[in-house]
Amino acid sequence: MTEHVSTHQAEEDARNENLMLFLNGRIVPKAEALVSVYDSGFMMGDGVWEGMRLYEGRWAFLDEHLDRLFEAAKAIDLDIRMTAAELEQALRDTQAANGMTTDAHARLMVTRGVKIRPFQHPQLSQQGPTVTIIMEHSRPKIPRPITLATVPHLRGLPMTQDPKLNSHSKLNCILACIAAQKAGADEALMLDVHGFVNTTNACNFFIVKKGEVWTSTGDYCMNGITRRKVIDLCRANGIPVFERNFSLVDTYSADEAFLTGTFGAQTPVGSIDGRQIGSGKMGPMTERLRGLYKQLVLA
């Protein structure tokens with residue numbers, strides 16, 4: 001059986017054994033960046049997060065990531081107790097402590113903090129939020145196009161768990177990924193509540209058909225920042241792009257498929273449910289969009 005790969009697969013880097021991380025106002029060695037078993041994030045998945053990438057000394061689309069973090073925190077009634085400027089400074093201080101200039105990935109996490117008792121009520125979190133920044137040297141290394149399998153797990157309605165929230169509660173997506181791997185694929189293709197193609201367990205999903213780029217309506221998925229940049233790049237460069245409902249029938253016959261996300265930018269898809277997509281390799285539209293995106297982040 002072919003070894004599974006991941007959209008977040010990176011080169012091994014020995015420097016990651018000796019990282020410095022941010023934890024509640026202090027920069028500490030990786031081994032000392034510990035939180036309580038009573039922390040809301042550990043106990044209940046009660047928190048929000050953002051992933052960010054460092055390109056040539058710049059954190060790509062940093063303001064948009066911080067805006068989305070504060071939007072999510074407000075949605076779950078979580079007071080971060082730091083300003084966007086203070087979080088940005090914490091990010092840059094952590095970057096400096098690790099001597100990072102490019103090819104780095106940061107995960108900024110905020111939970112409701114330590115509980116006084118092991119139950120779900122948010123009022124049991126009385127010490128204030130836990131704020132953490134994990135930062136790694138991280139150069140993506142995906143040896144081949146990703147394979148996907150359609151799974152029964154849905155990205156659902158806002159009244160259950162809004163898929164637009166970058167929450168710590170990721171079990172639905174984890175179960176989807178497990179189901180896909182049990183089926184022999186790398187990751188999961190998830191449908192929406194109406195049966196239309198939606199997203200993967202980790203990334204936004206696009207197909208290319210006859211020179212047009214299609215993605216889901218965005219009603220039932222994380223509206224990724226990279227997703228939006230790809231849509232904007234298509235419009236700015238005369239590439240027809242549509243946010244629309246489409247089915248697995250449309251998907252299987254696509255000329256190309258690719259995923260978008262902060263870590264891998266644009267990742268080609270080779271097959272879905274055992275059906276080869278296009279040539280099974282990165283297609284010309286995906287390659288063009290990768291080039292346009294690289295120009296954007298380095299501009």
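A residue is called buried when its relative accessible area is under 20%, exposed when that area is over 50%, and partly exposed in between, as judged with a 1.4 Å probe and protein chains only. The structure described here is a predicted model, in which local features need pLDDT of at least 70 and side-chain atom pairs count only at pLDDT 80 or more, while totals for chains, interfaces and linings use all residues. Residues are numbered from 1 along each chain as its sequence is written, and side-chain values use heavy atoms, with hydrogens and water left out.

## Overall form

The protein chain contains 8 helices and 15 strands; helices (H or I, at least four residues) and strands (E, at least two) are DSSP runs, numbered from the N terminus. Along the principal axes, its C-alpha atoms fill a box of roughly 55 × 40 × 40 Å. The radius of gyration of the protein chain is 19 Å, which agrees with the value near 19 Å for a compact globule of 299 residues; the radius is taken over C-alpha atoms, and the globule rule is 2.2 Å times the number of residues to the power 0.38.

Of the 299 residues, 49% are buried. The protein chain exposes about 14,500 Å², of which carbon and sulfur atoms supply 52%; accessible areas come from the Shrake-Rupley method with a 1.4 Å probe, and for residues only the protein chains shown count as cover. Among contacts (heavy atoms within 4.5 Å) with a separation of 6 or more, 72% join residues 24 or more positions apart.

## Nonpolar cores

A nonpolar core is a set of buried Ala, Val, Leu, Ile, Met, Phe, Trp, Tyr and Cys residues joined through side-chain atoms within 4.5 Å. The largest such core has 25 residues, and Trp59, Leu91, Leu108 and Ile133 have the most contacts inside it. Two or more residues each come from strands E1 (20–23), E3 (47–55), E5 (104–111) and E6 (130–137) and from helices H2 (62–75) and H3 (84–97). H2 gives the most, with 5 residues.

Leaving aside neighbours within four places in sequence, Ile133 is in contact with Leu21, Phe22, Leu87, Ala90, Leu91, Thr94, Ala106, Arg107 and Leu108. Another core, of 20 residues, lies apart from the largest one and includes Phe206, Leu233, Val241 and Phe258.

The expected span of a helix is 1.5 Å times one less than its number of residues.

| H2 | 62–75 | 14 residues | 20 Å |

In H2, the buried residues are Leu62, His65, Leu66, Arg68, Leu69, Ala72 and Ala73. They cover an arc of only 160 degrees around the axis, which puts them on the same side of H2. Exposed on the other side are Asp63, Asp67, Glu71, Lys74 and Ala75. The cover over the buried residues of H2 includes E3, strand E4 (58–59), H3, E5 and helix H6 (225–236). Just after H2, Asp77 takes a positive phi of about 60 degrees.

The buried residues of H5 are Cys173, Ala176, Cys177 and Ala180. These fall within an arc of 100 degrees seen down the axis of H5, so they line one face of the helix. They pack against strands E7 (146–150) and E8 (187–191), whereas Leu171 and Lys182 are exposed on the other side of H5.

In H8, Met285, Thr286, Leu289, Leu292, Tyr293 and Val297 are buried. Their arc lies within 135 degrees, so they line one face of H8. The face turned away from that buried side carries the exposed residues Pro284, Glu287, Lys294 and Gln295.

Ala265 lies in strand E14 (residues 265–272). Although Ala265 is not a glycine, its phi is positive, at about 65 degrees. Ala265 counts as buried because its relative accessibility is 11%.

Asp273 is found in the loop between E14 and strand E15 (275–276). Phi of Asp273 is near 55 degrees, again a positive value in a residue other than glycine. With 23% relative accessibility, Asp273 counts as partly exposed.

Definitions and conventions: Arc of directions from axis to C-beta.
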